[in-house]
Amino acid sequence: MKKTIYLYLFIISWSNFCLSQTISIKNNETLEPISLVNISLENGEGSFTSDENGTFVIPINKKSKSLIFNAIGFEQLQIDIDKIKNPILLKTKSILLKEVVISKSKKNTSKIGSIKGKKIVHILHDVTDDELKPCIIAKYFELNNQSDEALLKTIKIKTSSSSLKPLINFRIYSKGLDNKPNEVLYNENLLCTINKGDNTTKMDLSTLGIVLPKNGFFVAVEILVIDKNKQESKYVYKNVEHIHKFYYPILKMTQTQEYVDTWYNVGKDWQKNNKLSMLMELEIEE
């Protein structure tokens, strides 16, 4: 009987050891680490992000049997948890980008969107205990004119961070037939570090040649669920201690009475935000 108990405990301990291993995610061609990969639980219970070195810890106490890996510029991969080997290799995916010659003679610029507004609301991504929820907030834009070609030059947003210097990722999406964010239009992460305090955060993309679709597009802010962005606080509810996790930065938005232009995704599907509009301004070059 004692041998059976000891064997049972050994199996549990070994299982938890396996599920708490640190795993690396790498490019299958170059074997370089892939940073900030979105990792979803197959049963829809949540998702999280690998760190800047492409590493993550397999979550324990979850019922999902497999993990789904998504990274910009790579093919999606789904692996059974009990078959994961270190490292995980992702295959590169080709995204057809229009070739653009960036000429110094291009000087016609215009601005769309705004970083000013009334009834400003501060939005901070927060989760409780071991919840796994990413957060992507996207704002819809249409070009003001009918020029043949428009390039994205800069992005401005309003942010706030009390003590951290958090990292965010910008994404550019096409508009789908259902009017939701659809395909990623740029094949790499657009990472930006946010300064402490209340700030206008600006990212210069003028050298990248990102062509904007005439029929509308989305610019999104991905709040990265990584330790660098995290602060924690503990509280007791019904005699049970819980951990509240906050992922910075704070994004500033303006209140609305109905849907205007902002969508959000917390791990399952894109949803319209009927109460808020993200403060964001783009500079466009033609």
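These legends go with a handful of close-up views of the model.

**Before you look.** This is a predicted model, so local features are described where pLDDT is at least 70, side-chain atom pairs count only at pLDDT 80 or more, and totals for chains, interfaces and linings use all residues. Residues are numbered from 1 along each chain as its sequence is written, and side-chain values use heavy atoms, with hydrogens and water left out.

View 1. The strands here follow the order 3-2-5-6, and their pairing is antiparallel. Strand 3 (47-49) and strand 6 (77-80) sit at the edges with a single partner strand each, so one side of each has no neighbour in the sheet. From one strand to the next, the twist averages 25 degrees. Two strands pair if DSSP finds at least two bridges between them. Angles run from 0 to 180 degrees between N-to-C directions, and the axes are lines fitted to C-alpha atoms, for helices over the stretch in contact.

**View 2. Zooming in on strands 5 and 6.** Strand 5 (residues 66-70) runs antiparallel to strand 6, and four bridges join the two. Which residue of strand 6 is the bridge partner of isoleucine 68? Look for glutamine 78.

View 3. Strand 1 (residues 22-27) pairs with strand 4 in the antiparallel sense over three bridges, and threonine 22 has valine 57 of strand 4 as its bridge partner.

**View 4. Two cis peptide bonds.** Most residues other than glycine have a negative phi, and most peptide bonds are trans. The bond from asparagine 86 to proline 87, though, is cis, with omega near 5 degrees; proline 87 belongs to the loop between strand 6 and strand 7. Another cis bond links tyrosine 248 to proline 249, with omega near 15 degrees, and proline 249 is in strand 18 (residues 240-255).

**View 5. Two lysines with positive phi.** Lysine 119 has a phi near 55 degrees, a positive value in a residue other than glycine. Find lysine 119 in the loop between strand 8 (109-114) and strand 9 (120-128). Lysine 238 has a positive phi of about 55 degrees too, and is found in the loop between strand 17 (230-237) and strand 18. Are these lysines buried or exposed? Lysine 119 counts as exposed at 58% relative accessibility, and lysine 238 counts as exposed at 65%. (Exposed means over 50% relative accessible area, buried under 20%, and partly exposed in between, using a 1.4 Å probe and protein chains only.)

**View 6. The largest nonpolar core.** A nonpolar core is a set of buried Ala, Val, Leu, Ile, Met, Phe, Trp, Tyr and Cys residues joined through side-chain atoms within 4.5 Å. The largest has 34 residues, and Leu152, Phe170 and Val219 are among those with the most contacts inside it. Strand 16 (217-223) is one of the elements giving two or more residues to this core; strand 16 gives the most, with four residues. Apart from this core lies another of 18 residues, including Ile39 and Phe56.
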